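Good morning. Please keep it in view while I talk.

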Amino acid sequence: MIKTIPENEWIEVLEKGTKQYTSLIGKVPKFLIKGPVLDYEVLSETTINNNEFTTHRIVVSI
């Protein structure tokens with residue numbers, strides 16, 4: 001799912017733990033994200049739009 005997000009949009013990836021969420025990366029443009037994070041299982045995704053850019057807040061299971 002992460003692979004389908006346009007390169008110029010921003011992504012924030014959170015890992016769902018047993019009691020809390022852990023930030024894996026800060027908010028960054030997708031074109032800067034490389035490696036295995038692109039293949040993580042997505043549990044949920046929220047899209048936040050503002051005038052400057054779109055951010056996808058993604059919760060993953062590792």
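**Overall layout, core and a few residues**

Of the 62 residues of the chain, 29% count as buried. Please keep in mind that this is a predicted model.

Start with the secondary structure. The chain has five strands and zero helices. Read from the N terminus, the order is therefore simple to write down: β-β-β-β-β.

Next, the overall dimensions. Along the principal axes, the C-alpha atoms fill a box of roughly 35 × 25 × 15 Å. What radius of gyration does the chain have? The value is 11 Å, and a compact globule with 62 residues would come out near 11 Å, so the two agree.

Now the contacts. Taking contacts in the chain with a separation of 6 or more, 43% are between residues 24 or more positions apart.

Which residues make up the largest nonpolar core? There are nine: Ile-2, Ile-5, Ile-11, Val-13, Ile-33, Val-37, Leu-38, Ile-58 and Val-60. Two elements give two or more residues to this core, namely β1 (10–16) and β5 (54–61).

Take Ile-58 from that list. Apart from its neighbours within four places in sequence, Ile-58 is in contact with several residues, including Ile-2, Ile-5, Ile-11 and Val-13. Its contacts also include Glu-12, Leu-14, Val-42, Ser-44 and Glu-45.

Along the sequence, Glu-15 and Ile-62 are 47 residues apart, yet their C-alpha atoms are 7.2 Å apart in space. Ile-62 is also among the contacts of Glu-15 once neighbours within four places are set aside, and so are Gln-20, Tyr-21, Thr-22, Leu-24 and Val-60.

Lys-16 is found in strand β1 too. At 48% relative accessibility, Lys-16 counts as partly exposed. Where does Lys-16 make contact, leaving aside its neighbours within four places in sequence? The partners are Tyr-21, Leu-43, Val-59 and Val-60. Leu-38 is 22 residues from Lys-16 in sequence, and the C-alpha atoms of the pair are 16 Å apart.

Now go to the start of the chain. Met-1 lies in the segment before β1. With a relative accessible area of 46%, Met-1 is partly exposed. Beyond neighbours within four places in sequence, Met-1 is in contact with Val-42 and Glu-45. Glu-45 is 44 residues from Met-1 in sequence, and the C-alpha to C-alpha distance is 9.4 Å.

The last stop is Thr-46, placed in strand β4 (residues 41–49). Thr-46 is partly exposed, and its relative accessible area is 42%. Arg-57 sits eleven residues from Thr-46 along the chain, and their C-alpha atoms are separated by 5.1 Å.

That is the end of my notes.

Terms used
Residues are numbered from 1 along each chain as its sequence is written. This is a predicted model: local features need pLDDT of at least 70, side-chain atom pairs count only at pLDDT 80 or more; totals for chains, interfaces and linings use all residues. Side-chain values use heavy atoms; hydrogens and water are left out. Helices (H or I, at least four residues) and strands (E, at least two) are DSSP runs, numbered from the N terminus. The radius of gyration is taken over C-alpha atoms; the globule rule is 2.2 Å times the number of residues to the power 0.38. Buried means under 20% relative accessible area, exposed over 50%, partly exposed in between (1.4 Å probe, protein chains only). Contact means heavy atoms within 4.5 Å. A nonpolar core is a set of buried Ala, Val, Leu, Ile, Met, Phe, Trp, Tyr and Cys residues joined through side-chain atoms within 4.5 Å.
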